Amino acid sequence: MAFLPPLACILVGCFSVSLAEVSNLSDMYPPLWKESPGQFRDYRMENGNYIVDPWVYPERMGIYKILLSQTARYFEKFAPGNEQNILWGLPLQHGWQYSTGRLADPSHRTDCGYESGDHLCISVDSWWADMNYFLCALPFLAAVDSGIMGISSDQVMFLPPPKDQTKFCLTVATCWSSFPEMMRKWNAFYQHLKLPSSSFEDLLKYLWAAHSSTLDSLHKTFEDRLEYYSEPEVHFGKSWTEAVKYIGVLRFPTNLTLTHEFQKCMPPRMLVNGDRAPFISDFTALQNGVLFGLNLLYEVDNSTGSLSLTIWKILMRTQAARKSVLEVLKIILENYNSTFFGNN
């Protein structure tokens, strides 16, 4: 049970801030949401196909914006205003990557992604950008293939990156051909989304199954990108990928409000050599605590050969357990927080 304290730092710390009221939902939207394309006709059309350049931040964000808009009707039964749409986690995570500089060229060979250069550019050399690509292209193209987007499967195409094109899929057909298991899981989510009988818990189950499968299948594909980063950033990237497995088992509800507040716990910039949580001076106590928890959870998982994840899955088998565990974690967090981080 050694993984519970770090998990408490990550989840309960973020849940605690999520209770704050936000008067305007639009205040929680990711950067440049309003400026990004919101309809297919906002994209260039060639030979009857919509052409998307996912290596430009607003164009990739626009894909999420259309996805959220087209799936809104399925979440109306849970809450008005599309706030309970659990696909919000995808664009909000992408927006956090953009605002913290994680989409920029980490090799510094180009000015891609930097304020002093092409600040809207997404670098193919960015580990974060490449992993995010598949959490954009696959959910979106699977949605197109499921029929809920209002266009046929052969009507949209993504432009390839300037290098390593064979690592990416660009259309519904090529994604099915290259990544059939991941596409099946995203398609299963959309099939259940269309069922009037599907509960919120059902949808979380299928969303997290698809999300976790995507990260699990691809984390080794772009490992070579990590050589460009500082040791703390590499450790954070690996820790975050591992933590998402635990968060997925808990079926964290990735709606607009909770995800927006969750991201306040995340590092507000790239980590550099010398950064050591919980002692990073320009991070809040919460950001320091969560980063410390992420790193500790990664160490526990690594040292047990993922036995901790197996135990976590067993513990979280029922909906009642998943709900009640947050209360347990709150108690642990209070003791853990006061012991390690004081009252700051």
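The model is a prediction, so a few conventions apply: local features need pLDDT of at least 70, side-chain atom pairs count only at pLDDT 80 or more, and totals for chains, interfaces and linings use all residues. Residues are numbered from 1 along each chain as its sequence is written, and side-chain values use heavy atoms, with hydrogens and water left out.

The chain contains 12 helices and three strands, where helices (H or I, at least four residues) and strands (E, at least two) are DSSP runs numbered from the N terminus. Of its 344 residues, 55% count as buried; buried means under 20% relative accessible area, exposed over 50%, and partly exposed in between (1.4 Å probe, protein chains only). With a contact defined as heavy atoms within 4.5 Å, residues 24 or more positions apart account for 74% of the contacts with a separation of 6 or more. The accessible surface of the chain comes to about 14900 Å², and 53% of this area belongs to carbon and sulfur atoms. Accessible areas come from the Shrake-Rupley method with a 1.4 Å probe, and for residues only the protein chains shown count as cover.

Glycine 101, with a positive phi near 80 degrees, follows helix 3.

The lining comprises 23 residues, of which Gly89, Gln93, His211, Trp240 and Val244 are the closest to the centre. Helix 3 (89–99), helix 4 (127–146), helix 7 (200–218), helix 8 (231–250) and helix 9 (256–262) each supply at least two lining residues, and helix 4 gives the most, with five. By class, the lining has 14 nonpolar, nine polar and no charged residues. In this scheme Ala, Val, Leu, Ile, Met, Phe, Trp, Tyr, Cys and Pro count as nonpolar, Asp, Glu, Lys and Arg as charged, and the others, Gly among them, as polar.

Charged side chains can be followed through their pairings. Across the whole structure there are 16 salt bridges, each being a side-chain nitrogen of Lys or Arg within 4 Å of a carboxyl oxygen of Asp or Glu. Glutamate 233 and arginine 102 form one of these, at 2.8 Å from N to O. This pair links distant parts of the chain, 131 residues apart: glutamate 233 belongs to helix 8 and arginine 102 to the loop between helix 3 and helix 4. Glutamate 233 is buried at 3% relative accessible area, and arginine 102 is buried at 0%.

Another bridge joins aspartate 125 and arginine 109 (3.6 Å, N to O). Both residues lie in the loop between helix 3 and helix 4, so the pair ties together parts that are 16 residues apart in sequence. Aspartate 125 is buried, with 8% relative accessible area, whereas arginine 109 is exposed at 55%. Shared partners also join Asp130, Asp164, Lys167, Asp224 and Arg225 into one salt-bridge network. The side chains of arginine 44 and glutamate 46 meet at 2.2 Å, N to O; arginine 44 is partly exposed at 42%, as is glutamate 46 at 39%.

Some backbone details complete the picture. The peptide bond from alanine 277 to proline 278 is cis, with omega near 10 degrees, and proline 278 sits in the loop between helix 9 and helix 10 (285–303). Leucine 32 is not a glycine, yet has a positive phi of about 65 degrees; leucine 32 lies in the loop between helix 1 (4–17) and strand 1 (44–46) and is partly exposed at 28%. Asparagine 82 likewise has a positive phi of about 65 degrees. Asparagine 82 is found in the loop between helix 2 (57–71) and helix 3, and counts as buried at 14% relative accessibility.

Terms used: 1 Å grid on protein atoms, 1.4 Å probe; cavity = no way out; pocket = protein on both sides within 12 Å on 5 of 7 lines; lining within 4 Å.
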